[in-house]
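Trainee: I've got a model open and I'd like to learn how to read it. Can we go through it together?

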Amino acid sequence: MATSRTIPLDTGCCEPATKDKLMRYGYSVEELEGLPESVIAMSDGCGNPTGLGMINIGETVVDLGSGGGIDVFVASKKVGDRGRVIGLDMTPEMIQRAKANAEKAGLNNVEFRSGEIEDMPIGAGSVDVIISNCVICLSPDKGKVFREMFRVLRHGGRVAIADEVALRPFSSEEKEDPAKWCSCVTGAITEKEYASELKNAGFKGIYVKQLRKPGELTPAVFSAFVSATKP
Ligand SMILES: C[S@@+](CC[C@H](N)C(=O)[O-])C[C@H]1O[C@@H](n2cnc3c(N)ncnc32)[C@H](O)[C@@H]1O
């Protein structure tokens with residue numbers, strides 16, 4: 001597995017987060033209750049992929065690009081003691097920080113694995129729900145990510161993603177600017193591309209819903225919730 005790509009830790013989409021900001025992004029008081037402050041502050045997503053009732057007690061959930069672990073921790077409450085949540089991230093520092101956060105929170109149904117979402121260290125057909133928050137827009141090979149998602153999900157498994165979606169395709173020059181790519185802008189694909197790449201990977205019931213309007217600083221992308229099912 002290639003491990004040479006890294007994203008600088010100071011190039012996320014957002015400033016250090018607060019509870020208020022996360023509630024504006026769709027998290028409930030109950031979901032955030034009891035989470036260590038460090039988990040909240042490190043959160044760097046664009047929505048709440050755990051929030052649409054797609055995660056049930058006892059299920060196995062994988063969070064692609066888990067960062068400091070916010071969605072792993074929120075999902076861990078939803079799956080309960082009989083379920084488990086695996087956070088996958090390619091940045092060793094993020095894995096270390098997420099593990100430290102899990103220890104602080106005293107959770108024993110979560111695990112953090114080092115690896116790339118284009119080549120997941122996860123068995124085929126072993127996952128009920130895949131979540132991800134503002135990460136797939138960073139991948140240089142989204143088709144590979146979607147094929148890997150399809151491989152690791154069981155039949156009937158669900159996808160619940162919060163991500164940035166582009167209003168128009170970006171030019172090659174725009175994509176070459178690492179600052180714009182790493183701040184979750186020019187790596188984003190359009191709604192049409194998202195739906196057709198998920199369909200090509202084998203997914204059905206594909207749904208893209210705008211969560212927020214494009215921002216002043218990022219007029220060419222909007223935050224969206226993307227869901228799909230493996231038949
Ligand atoms: C914008 S942060 C989002 C973190 C987290 N999902 C959250 O909501 O706080 C992006 C994270 O995805 C990870 N990441 C980016 N590309 C990745 C890839 N191809 N494979 C695995 N992890 C990746 C980065 O290391 C970083 O931790």
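Trainee: Which exposed residues does helix 9 carry on the face turned away from its buried side?

Mentor: Keep in mind that this is a predicted model. For exposed, look for over 50% relative accessible area. Here, Lys-192, Lys-199 and Asn-200 are the exposed residues on that face of helix 9.

Trainee: And which residues of helix 9 are buried?

Mentor: Now the cut-off is under 20% relative accessible area. Within helix 9, which runs over residues 191–201, you'll find Tyr-194, Leu-198 and Ala-201 buried. These three sit on the same side of helix 9, because the arc they cover around the axis is only 60°.

Trainee: What do the buried residues of helix 9 pack against?

Mentor: Look for helix 6 (142–152) and strand 5 (153–166), plus strand 6 (204–210) and strand 7 (221–229).

Trainee: What follows helix 9?

Mentor: Gly-202 does, and its phi is positive, near 115°.

Trainee: Let's move to the ligand. How many residues surround it, and which are the closest?

Mentor: To count as a neighbour, a residue needs a heavy atom within 4 Å. The ligand has 23 residues around it, with Asp-44, Gly-65, Asp-89, Thr-91 and Ile-117 the closest. Sorted by class, that shell holds 9 nonpolar, 8 polar and 6 charged residues.

Definitions and conventions:
Residues are numbered from 1 along each chain as its sequence is written. This is a predicted model: local features need pLDDT of at least 70, side-chain atom pairs count only at pLDDT 80 or more; totals for chains, interfaces and linings use all residues. Side-chain values use heavy atoms; hydrogens and water are left out. Buried means under 20% relative accessible area, exposed over 50%, partly exposed in between (1.4 Å probe, protein chains only). Helices (H or I, at least four residues) and strands (E, at least two) are DSSP runs, numbered from the N terminus. The arc is that of the directions from the helix axis to the C-beta atoms. Contact means heavy atoms within 4.5 Å. Ala, Val, Leu, Ile, Met, Phe, Trp, Tyr, Cys and Pro count as nonpolar, Asp, Glu, Lys and Arg as charged, and the others, Gly among them, as polar.
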